[in-house]
Amino acid sequence: MEQPPIGDVFGELVRDAYAVRSGIGPRPLAGGRVPRPVIEIIERDDGLINGAPADQYVAEPDEWQPHDHRALRMCRGAVLDIGCGAGRTALELQRRSMAVTGLDISAGAIEVARKRGLRDTVIAPVDEYARTTTRYDTFLLLGNNVGLLEGRDRAPVFLAALAALARPGARIIAQGTDPYGTTDPVHVGYHERNRERGRFGGQLRLRLRYRLHATNWFDYLFCSVAELEELLQGTPWRLKSVDEQDRPYYLAVMELHT
């Protein structure tokens, strides 16, 4: 079968989700005038296909999960919202008169964030942005973006980039998901196969699909708190606290030690 072309899948689906919600701009139609729901297709390397509604990326604060609100209450100083998407979190911090920068690698997502009013945005990977002279007090990794640590190889590089961007005493506020409470044999078997290959059980190999395009394959990490602590070893970051009120989701706060 012919492989789909590589494109800014996330940007495309965020643009369409914003258009459906706001009524601004072209919308995908279901054979007429009714906009169809925008679904993000997530393909795992074992063949598992899942779908998730993209409307979550443009959700307003009254639609958020409780842990999102608790995360924002812990922000202080200048904030870098990493993987900001359509600006869901950064816009709320901006409304609270906090200094916030939204960073994402998706040009389409940043375009939507700007349309929605986010003033300070960056299109770049964290490693590249680490060369800037700007410094931050808080780094946000919300929306399961502990996943951006990817695994044992990538995490030290990612965390070093944040340390380069950090002011003394800076903190990372990260939301993750412990994947190991499941009894679904599809997931349990995947975890076992990952461990046999020297990976974390919840180290997913994914690509995203939307309409005609796909992303390249990438790693995305669902990990336990103990595994997160393992990834912090040998880095300048230390786990300060963990909020597990909404299990299996958790909020981890990491602080910079020099």
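## A charge over a ring

Over which ring does the charged end of Arg-152 sit? The ring belongs to Phe-200, and its centre is 3.9 Å away. Arg-88 has its charged end over the ring of Trp-64, 4.9 Å from the centre. "Over" means that NZ of Lys or CZ of Arg is within 6 Å of the ring centre and within 35 degrees of the ring normal.

This is a predicted model: local features need pLDDT of at least 70, side-chain atom pairs count only at pLDDT 80 or more, and totals for chains, interfaces and linings use all residues. Residues are numbered from 1 along each chain as its sequence is written, and side-chain values use heavy atoms, without hydrogens and water.

## Aromatic pairs

The whole structure holds five aromatic pairs. In a pair, ring centres of Phe, Tyr or Trp (its six-membered ring) lie within 6.5 Å; planes under 30 degrees apart are stacked, over 60 edge-to-face, the rest tilted. Tyr-129 and Tyr-136 make a tilted pair, 6.4 Å centre to centre with 45° between the planes.

## Two packed helices

Helix α1 (residues 9-22) packs against helix α4 (residues 107-115) at about 30°, with axes 7 Å apart. Therefore α1 is roughly parallel to α4 (angles under 35 degrees). Helices are DSSP runs (H or I, at least four residues) numbered from the N terminus. Axes are lines fitted to C-alpha atoms over the stretch in contact, and angles run from 0 to 180 degrees between N-to-C directions.

Technical notes
Parallel < 35°, antiparallel > 145°, perpendicular 65-115°, else oblique.
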